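Subject: A structure to look through

Dear colleague,

I am passing on the structure we talked about, and below it you will find notes on what turned up. Please keep the model open beside you while you read.

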Amino acid sequence: MPERRPYSLRRVKFGVAAVSLLSLAVVLPAPLLAGKKKADAPPPAKLGEQRVKAYFDIAKIVWPNPPAIPRIAFQELFTGEKIDPDLYTKKGHKQTWMDRLAGTQTADEIKLDSLPFQLMRTYGVGVDSKGLIYAADQGVGAIFIFDPAKKDHVELIGNGRQANFGLIVDVALDDDDSLFVTDAKLRHVLKFNVKHDVEASIGADLLVRPGGVAIDRKNRFLYVVDTGNDVVDVFDADNYKLLRQIGKPSTKHEQTDPGTFSLPEGVALDKDGDVYVTDTFNNRVEIFDADGKFLSTFGKNGDSPADFERPKGIAVDCDGHIWVVDAAQNLVKVFDRKGRLLIYFGGQGYYPGQFMGPFGIAIDQSNRVIVSETFPGRVQVFRYVTDAEAAAEKARRESGEQKPAAGQASSGKDASATMPAGVGLEASQARPDLPARKDSAAQ
């Protein structure tokens, strides 16, 4: 029988050949293998850069949508104190049983008193003479004070620190930056001086459940909405005595007659001293003169933008337009004195310019519109373009004049002054195609 070659010898020869080829591939220069060196791949973009490119430029969020001339523009938002990422970075030191026995704190433990405070359930907002924004937060139990010029700098007037708070609702500021804060649980209004020290307690023997608050700086009247008693109480802003009541006291919340309220919430004043009140359960706005005489009302229940589903905060701009926060529709609506809808913006969502449970609103002398949200706690700032600016911009467009380059439109320090002006908010423009769509904030 012929003798066969063992397969082991074949395997050895094949293995030697394979190793030789691999060795040759390693030793040979790269150009001989690749022919041409590939260009280095670009480094991956940082996450922050990806987000900027993937989403949108928030400086371009305006209402109504282009090409119409904008009348309202988003500026910025605030959420609380600056978060330091180093607070949450572990240092790598593991605590031993000896450390635990001795009560030694490890490097990766976080001190509770070093955690930054964030807005949780934000209600009333206000602005002082320096442009600082005050926001009453029920979740934290504090008044947050934001400085737009130093966005990372936040001050707090906290419960158990400068004052004792139960359930703060709204804030209002006087010419000298005295601060008035309504407290629904403790049933009074606290007044703070410019150093944020408590100076007085107002209405403790009268108020049932105070809500909105506003001050007539010229006539020295302090208006406090008593939501629990269906009235607006008017106090002397200097000696804190009750002067009169607007509406009829009631705890049943069933009144519907003009001049009466059912769980009113917000109050605002115009430059003539007229008083505007959101009659929340009746889904309307009621207007009174400075003496408390009923003048007019507008609004009804409904799910259209021109109607109301729980109006809350209210403000009046320098041109007499009435801004109303509709908490159920997550919208801010602008009306004229006759109750005709001019424009609205917002819609449910978490993008800038959208709202989740909006509540408070304030308009300052720089035409900034400050709006608070309760879910989650946020404060958003917008810029209202006045009727005077509207007329100038309309004339510029009609004449074909070129718009000034960015940064050359104004020599002042206020960046909001460079915002392009828009068309007038006249009643004739309250048509379906004027208001921004609910999803316009994401465009």
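Two residues are said to be in contact when they have heavy atoms within 4.5 Å of each other. With that in hand, among contacts in the chain between residues at least 6 apart in sequence, 48% join residues at least 24 apart. Please bear in mind throughout that this is a predicted model.

The whole chain

The secondary structure comes to 5 helices and 25 strands, and of the 443 residues of the chain, 47% count as buried. The accessible surface is about 24000 Å², and 54% of this area belongs to carbon and sulfur atoms.

The largest nonpolar core

In soluble globular proteins, nonpolar side chains tend to be buried together. Here the largest nonpolar core has 18 residues, and those that touch the most other members are Trp 63, Trp 323, Val 332, Phe 345, Ile 361 and Phe 382. Several strands each supply at least two residues of this core, among them strand 2 (72-78), strand 20 (322-326) and strand 25 (377-384), while strand 22 gives the most, with 3 residues. If you select Ile 361 and leave aside its neighbours within four places in sequence, you will find that Ile 361 is in contact with residues including Val 125, Ile 314, Trp 323, Val 332 and Val 369.

Helix 5

Within helix 5, Ala 390, Glu 393 and Arg 396 are buried; they cover an arc of only 130 degrees around the axis, which puts them on the same side of the helix. On the other side of helix 5, Ala 388, Glu 398 and Ser 399 are exposed. Lys 394, which also lies in helix 5 (residues 387-399), counts as partly exposed because its relative accessibility is 47%. Although Lys 394 and Ile 69 are 325 residues apart in sequence, their C-alpha atoms are 8.4 Å apart in space. Just after helix 5, Gly 400 takes a positive phi of about 80 degrees.

His 188

His 188 is found in strand 9 (residues 188-192) and, at 11% relative accessibility, falls under the 20% cut-off, so His 188 counts as buried. Not counting residues up to four places away in sequence, His 188 touches residues including Val 181, Asp 183, Ile 202, Leu 207 and Pro 210.

With best wishes

Terms used: Residues numbered from 1 in each chain as written. Predicted model: local features only at pLDDT ≥ 70, side-chain atom pairs only at ≥ 80, totals over all residues. Heavy atoms only, no water. Helix = DSSP H or I, 4+ residues; strand = E, 2+ residues; numbered from the N terminus. Buried < 20%, exposed > 50% of the residue type's maximum accessible area, 1.4 Å probe, protein only. Arc of directions from axis to C-beta. Core = buried A, V, L, I, M, F, W, Y, C linked by side-chain atoms within 4.5 Å. Areas by Shrake-Rupley, 256 points an atom, 1.4 Å probe, with all protein chains shown as cover.
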